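Please look over the sequence and the structure before reading on.

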Amino acid sequence: MATHLTVRGLVIRETPLHDADKLFDLLTDEGIRTVQAKSVRKPGSKYGAVTQLFSYGEFCLRQNGGRFYLDSAVSLNLFYGLRNDLDALALASYFSELIRKTATDQPQPQLLRLYLLSLHHLSEHDRPLPLVKAVFELRLITELGMMPNLVCCSVCMEYQPAHPVLRIRQADLVCAGCLSEPEPQDFAVRASVLLAARHAVFSEPDRLFQFRLRGESETQFAQYAESYLRHRLGMYFPTLKFYHELTGNGRAADAAAPTE
Ligand SMILES: [Zn+2]
């Protein structure tokens, strides 16, 4: 027998089916739900917009035999600002791939919240893309239980090293003076980059994007966040390579290729 439920969720993938039907993945507080929707690809369909990629809405679903079907939906935010900015759209696609590859069917409300906040800034164009990307990456990896230990130097316990080194393999922080065996992946960074990384890992969700970095500091922060995430997850992300190609960051595009 079918059961009915109402959920709020964000469309993170859509797949066309026959007869103008569609399958879409919905990120909800309870995890990802794959939903089948009838005739929504017909021109003028009532639920065409709300079931498209990066649409956030309230969905009335019918569950039958382990599958979900769309009954009706109301749009809450279509993030229109995303749709005229290819770079931002590419970044949002990378976030979707990250979520799809790491989310479980267990309740993870913090992932939906993180994604919605990030989309808000991408859509409003009020934060630089590299900053939104780095915060998303570091916070996601933290929510997945793989946060770096950035509280103090692992060797001497100094809280504010003048010359911090963020280590990828050891997932920690040391002072440059305490680093005995440097490794190629170690990041010697400015003190402001350590503060930014701490903020991304520890801050209240509402304040996650409430800081600024410029120039070289922003570049260091972005490189560290991406390296750390890729090392911990050990996965290849085609959408990340595309994003780097699009934004002209060739060196990082090489780095985004598979390491295996
Ligand atoms: Zn130290």
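The model is predicted: local features need pLDDT of at least 70, side-chain atom pairs count only at pLDDT 80 or more, and totals for chains, interfaces and linings use all residues. Residues are numbered from 1 along each chain as its sequence is written.

With 260 residues, a compact globule would have a radius of gyration near 18 Å, and the chain's value of 20 Å agrees with this. That radius is taken over C-alpha atoms, and the globule rule is 2.2 Å times the number of residues to the power 0.38. Along the principal axes, the C-alpha atoms fill a box of roughly 65 × 35 × 35 Å.

An automatic or database assignment sets the domain bounds.

| Domain | Residues |
|---|---|
| domain 1 | 3–78 |
| domain 2 | 82–255 |

The centres of these domains, taken over C-alpha atoms, are separated by 30 Å. In total, 12 residues of domain 1 are in contact with 17 residues of domain 2, contact being C-beta atoms, placed from the backbone, within 7 Å.

The largest nonpolar core has 63 residues, among which Y115, V135, A197 and F221 touch the most other members. Such a core is a set of buried Ala, Val, Leu, Ile, Met, Phe, Trp, Tyr and Cys residues joined through C-beta atoms within 7 Å; buried means that 20 or more other C-beta atoms lie within 10 Å of the residue's own. Domain 1 and domain 2 each give at least three residues to this core. Leaving aside residues up to four places away in sequence, V135 touches A200, L208 and F209.

Conventions:
A residue is buried if 20 or more other C-beta atoms lie within 10 Å of its own, exposed if 12 or fewer, and partly exposed in between; C-beta atoms are placed from the backbone. Two residues are in contact if their C-beta atoms, placed from the backbone, lie within 7 Å.
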